[in-house]
Amino acid sequence: MPEQRPLALVTGASRGIGASIASRLAEDGYAVWLNYRGGHQAAAAVRDGIVSKGGSCTLLPFDVADGPAVEAALAPLLAEKIPVVLVNNAGFAKDGIFAMMPESDWNSVLAVHLGGFFHVTRALLPFMLRRRSGHILNIASTSGQTGVGGQVN
């Protein structure tokens, strides 16, 4: 019988903080569902690093800002296994001076940072509630606490 590892889903995990979180969770014995948008080579490199150390990692390429894409990617997997940890880490910057910022830049950042949290958490939460266990961690920029010029969105 295969070893049963607890499962963690990390969004935006192909590089940076997300890649570090995914790698650390794997070192701590978690199987990892590694979400990314674009950057397949970077995501594959993180997966390969996890697997080379004896870990388990499944790549999940979908855009967290796209609700139907989140559902399509996660629904079949959630029918088989439920993560005990969700790390909402996906995010990016589209810096600019507020007075000159196109609405599309504003909307694209909010769609990933806020919409992504909503879509992924909404997909997993009913399963966690039925199981009466689970952990949801939301990663936020320090710009939310201390402003940085040009990072209004």
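Trainee: What makes Arg-47 partly exposed?

Mentor: Its relative accessible area is 26%. Buried means under 20%, exposed means over 50%, and partly exposed is in between (1.4 Å probe, protein chains only), so Arg-47 lands in the middle class. Before we go on: this is a predicted model, with local features needing pLDDT of at least 70 and side-chain atom pairs counted only at pLDDT 80 or more, while totals for chains, interfaces and linings use all residues. Residues are numbered from 1 along each chain as its sequence is written, and side-chain values use heavy atoms, with hydrogens and water left out.

Trainee: How do you know that Arg-47 forms a salt bridge with Asp-48?

Mentor: Their closest N and O atoms are 3.2 Å apart. The rule asks for a side-chain nitrogen of Lys or Arg within 4 Å of a carboxyl oxygen of Asp or Glu, so this pair qualifies. Asp-48 is partly exposed too, at 41%. By this rule the model has five salt bridges.

Trainee: What else is among those salt bridges, say for Asp-28?

Mentor: Asp-28 meets Arg-24, N to O 3.2 Å, and Asp-28 is partly exposed at 47%. Another one is Lys-53 with Glu-27, at 3.8 Å, N to O. That pair links distant parts of the chain, 26 residues apart: Lys-53 is in the loop between α2 (40-52) and β3 (57-61), and Glu-27 is in helix α1 (residues 16-27). Helices (H or I, at least four residues) and strands (E, at least two) are DSSP runs, numbered from the N terminus. Both Lys-53 and Glu-27 are exposed.

Trainee: Why is the pair of Phe-98 and Trp-106 called edge-to-face?

Mentor: By the ring rule, the count comes to one aromatic pair. The ring centres of Phe-98 and Trp-106 are 6.1 Å apart and the planes stand at 70 degrees. Rings of Phe, Tyr and Trp (its six-membered ring) pair if their centres lie within 6.5 Å; planes under 30 degrees apart are stacked, over 60 edge-to-face, and the rest tilted. Both values pass, so edge-to-face it is. As for cover, Phe-98 is exposed at 54%, whereas Trp-106 is partly exposed at 29%.

Trainee: How do you know that the charged end of Arg-130 sits over the ring of Phe-127?

Mentor: It's 4.9 Å from the ring centre. A charge counts as over a ring if NZ of Lys or CZ of Arg is within 6 Å of the centre and within 35 degrees of the ring normal. Arg-37 over the face of Phe-92 is listed as well, at 5.5 Å from the ring centre.

Trainee: What makes Phe-117, Phe-118, Leu-125, Leu-129 and Ile-136 a nonpolar patch?

Mentor: Patch members need over 30% relative accessible area and no salt bridge; like charges are joined within 9 Å, nonpolar side chains (Val, Leu, Ile, Met, Phe, Trp, Tyr) within 5 Å. Phe-118, at 42%, is partly exposed, so it clears the area cut-off. Together the five have about 430 Å² of accessible area, by the Shrake-Rupley method with a 1.4 Å probe, only the protein chains shown counting as cover for residues. Helix α4 (residues 103-131) gives the largest share, four residues.

Trainee: Thr-121 lies in helix α4 as well. Is Thr-121 buried or exposed?

Mentor: Buried, because its relative accessible area is 8%.

Trainee: Why is strand β2 (residues 31-36) called largely enclosed?

Mentor: Because six of its six residues are buried. Ala-31, Trp-33 and Asn-35 point one way, and Val-32, Leu-34 and Tyr-36 the other. Strand β4 (residues 85-88) is also covered on both faces: Val-85 and Val-87 are buried on one side, Leu-86 and Asn-88 on the other.

Trainee: How do you know that β1 and β2 pair?

Mentor: They share four bridges, in the parallel sense, and pairing takes at least two bridges found by DSSP, so they pass. Strand β1 (residues 7-10) also pairs with β4, parallel, over three bridges. Ala-8 has Val-32 as its bridge partner in β2 and stands opposite Val-85 in β4. Four bridges join β4 to strand β5 (residues 135-138), again parallel, with Asn-88 opposite Asn-138.

Trainee: What makes Arg-132 exposed?

Mentor: Its relative accessibility is 78%, past the exposed cut-off. Arg-132 sits in the loop between α4 and β5, and has a positive phi of about 60 degrees although it is not a glycine.
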